[in-house]
Amino acid sequence: MKHVIDFRSDTVTKPTPAMLEAMFAAQVGDDVYGEDPTINALEAKAAAMFGMEAGLFCPSGTMTNQIAIKAHTQPLTEVICDVTAHIYQYEGGGISFNSGASVALIHGNRGKITPQQVEAHIRPADNIHFPETRLVALENTCNKGGGAFYTLPEIAAISDVCKCHNLALHLDGARVFNALVASGEDAKNYGLYFDSISICLSKGLGAPVGSVLLGTKDFIKQSKRIRKVLGGGIRQGGYLAAAGIYALDHHVERLTEDHAKAKLLEKTLLEAGYVESVLSVETNIVIFKLNEKYTDAAFVAALAQQGIAASSFGPQMIRFVTHLDISDDMLERTLEMLKKL
């Protein structure tokens, strides 16, 4: 049966009719020359939202993260992050390939690391046996942590450690808007703590392509040079940037709907006889562990027979992600099916 209800990721969304209309109406130019007015508008809009000076539009969050890491580091230096971080687990070894940097991995709680853990992983600057600590990277929300998120006070405490040790602080904000909506915090305050921020437009916000890297004007100038070397010039990309602008204007507050759907999935799964445990749902990601009744492969196959797509997320682990293309009817059908398995 064809998959018609797709919980594999919030990257599977299609542009809404209104988003498509905005895309077709976009004014465009050559962005490599800095002449695409819609890309320029998106970059300025995103930067202002987060209290940063400038932005850089890129095809993906992997590219924005990797550009930022390269801009902040050099060979023989090191990045501190959680062991489950996307920049380490899911970006193809890009930290070593692109930047020649080492990685110090922290075993945090659901993807979140603490100021004390960061402090403990900073290398002694005068010991030539070690790489030089240069960058700390956080992820918000934490994908492998089931959508757990840092609050601003938690971020501020890590920022204080970074400033004390002259370290840069980067945010992989792949689902940062989910964190902001769930916490009620103001995006503009992020600019007080981070040296660079990557925001993704093609996940919960529903744009078809794109992320924006944010930072100071000098940082973005350097990052644009790195984007060029990585092949990231996209010429008349304003058609894509228009979708990002529309998403920022219309699809942020509606993320509460995705969060509510995820909580309903959590409730049903907690009552299911084949589920051993469920990570507490905070945003739009639901991760649960199966007991011996199903293997993860068998469970995914059973759902597929009913036209429902989900992701195996490790041995006996399953991930559901809610998004704007999951309607109330789709959710209800899924809940009914989960109760019958």
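Which residues does UniProt list for "domain: Aromatic amino acid beta-eliminating lyase/threonine aldolase"? The unreviewed UniProt entry gives residues 6-291, in the numbering used here, with a shortened feature name and an annotation that may be inferred rather than shown by experiment. The model is predicted, so that local features need pLDDT of at least 70 and side-chain atom pairs count only at pLDDT 80 or more, whereas totals for chains, interfaces and linings use all residues. Residues are numbered from 1 along each chain as its sequence is written, and side-chain values use heavy atoms, without hydrogens and water.

**Annotated region**
- Residues 6-291 are 39% helix and 18% strand (DSSP runs: H or I of at least four residues for helices, E of at least two for strands, numbered from the N terminus).
- The end C-alpha atoms of residues 6-291 lie 23 Å apart.

**Domains**
- Domain 1 covers 17-251 and domain 2 covers 254-339, with bounds from an automatic or database domain assignment.
- Their centres, taken over C-alpha atoms, are separated by 28 Å.
- Contact (heavy atoms within 4.5 Å) joins 21 residues of domain 1 to 14 residues of domain 2.
- Between the two domains about 1500 Å² is buried, 58% of it from carbon and sulfur atoms; this is the accessible area (1.4 Å probe) lost on putting the parts together, summed over both.

**Helix 2 and helix 10**
- Residues of helix 2 that meet helix 10 include T38, I39 and K45, and their counterparts in helix 10 include G238, I245 and D249.
- By class, this contact of helix 2 with helix 10 has eight nonpolar, three polar and two charged residues (Ala, Val, Leu, Ile, Met, Phe, Trp, Tyr, Cys and Pro count as nonpolar, Asp, Glu, Lys and Arg as charged, and the others, Gly among them, as polar).
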